[in-house]
Structure formats: structure tokens, C-alpha cells
Amino acid sequence: MDFEEYQQYVKDGASRKYDDLQFAALAMVGEVGEVCDIVKKATIYTDSDIDFKFKLKDEMGDVLWQWTALANALGLDVYSIIDHNVDKL
């Protein structure tokens, strides 16, 4: 699946509330927080009970979904975001 297909997949699967910019942005931040919490538990608290890479992979997928939903809420093509970032960097 390429990014164009993924963006459509997210658009098809997202509820109408994702059309709201504020909701989409806050949902993405929530997922980023979950990524940070896993890193915190695995490194600071040395929580050996979690499968660090599996949980991070799972949450990073959620971040990607939310990021794409935010792009959809803004009416932006994900490839244009990627190209803009590469040009900026």
C-alpha cells in the first residue's frame, strides 16, 4: 500500500469527527503521548514486562493513522507534506 492508498483508507475509515481540525490534532497528540509513555516505561522504569518494539510499532501505526487523518482534515495530500518537509530540510 502506498501513501495515496493509505490516505484514502484513513479517509474511508475515519468518523465524521475527524473532519474537525481540533479533534484530529488532539487525537494525534494523544497517540504521540502513548509512544512517549512506552519509551518512558521501558527506559526510565525499565519495565521488562512490555515488548518494547512491538508496542512502539503498534502505537507508531496509530500516530501515522492520526497524522494522516489530520492531513485529511486540512485537505492536504500526504505526498505534498513529505515533499515540503524534504525541501525544508
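**H1 against H3**

I began with helix H1 (residues 3-13) and its position relative to H3; the two axes come within 9 Å and cross at roughly 80 degrees. H1 and H3 are therefore roughly perpendicular to each other, because angles of 65 to 115 degrees count as such. The model I am reading is a predicted one.

Next I listed the residues on both sides of this contact. H1 contributes Phe3, Tyr6, Gln7, Tyr9, Val10, Lys11 and Gly13. On the H3 side I found Gly61, Leu64, Trp65, Thr68, Ala69, Ala71 and Asn72. Sorted by class, the residues of the contact of H1 with H3 are eight nonpolar, five polar and one charged.

**H2 against H3**

I then turned to helix H2 (residues 21-43) and helix H3 (residues 52-74). Their axes come within 8 Å, and the crossing angle is roughly 165 degrees. How do H2 and H3 run relative to each other, roughly parallel or roughly antiparallel? They are roughly antiparallel, because the cut-off for that term is an angle over 145 degrees. The class count for the contact of H2 with H3 is 19 nonpolar, one polar and five charged residues. I also noted the hand of the crossing of H2 and H3, which is left-handed.

**Gln66**

Is Gln66 buried or exposed? Its relative accessible area is 8%, so Gln66 is buried; the cut-off for buried is under 20%. Leaving out residues up to four places away in sequence, I found Gln66 touching Tyr18, Ala24, Ala27, Met28 and Glu31.

**Whole chain**

Last, I looked up the overall figures. I counted four helices and zero strands in the protein, and the order of elements from the N terminus is α-α-α-α. Along the principal axes, the C-alpha atoms fill a box of roughly 40 × 30 × 25 Å.

What share of the 89 residues counts as buried? The figure is 25%. The accessible surface of the protein comes to about 6,400 Å², and carbon and sulfur atoms hold 57% of that surface.

For the contacts, I considered those with a sequence separation of 6 or more; residues 24 or more positions apart account for 72% of them.

How values were computed
Residues are numbered from 1 along each chain as its sequence is written. This is a predicted model: local features need pLDDT of at least 70, side-chain atom pairs count only at pLDDT 80 or more; totals for chains, interfaces and linings use all residues. Side-chain values use heavy atoms; hydrogens and water are left out. Axes are lines fitted to C-alpha atoms, for helices over the stretch in contact, and angles run from 0 to 180 degrees between N-to-C directions. Helices (H or I, at least four residues) and strands (E, at least two) are DSSP runs, numbered from the N terminus. Angles under 35 degrees count as roughly parallel, over 145 as roughly antiparallel, 65 to 115 as roughly perpendicular and the rest as oblique. A crossing is left-handed if the near helix is turned anticlockwise from the far one by less than a right angle, and right-handed if clockwise. Ala, Val, Leu, Ile, Met, Phe, Trp, Tyr, Cys and Pro count as nonpolar, Asp, Glu, Lys and Arg as charged, and the others, Gly among them, as polar. Buried means under 20% relative accessible area, exposed over 50%, partly exposed in between (1.4 Å probe, protein chains only). Contact means heavy atoms within 4.5 Å. Accessible areas come from the Shrake-Rupley method with a 1.4 Å probe; for residues, only the protein chains shown count as cover.
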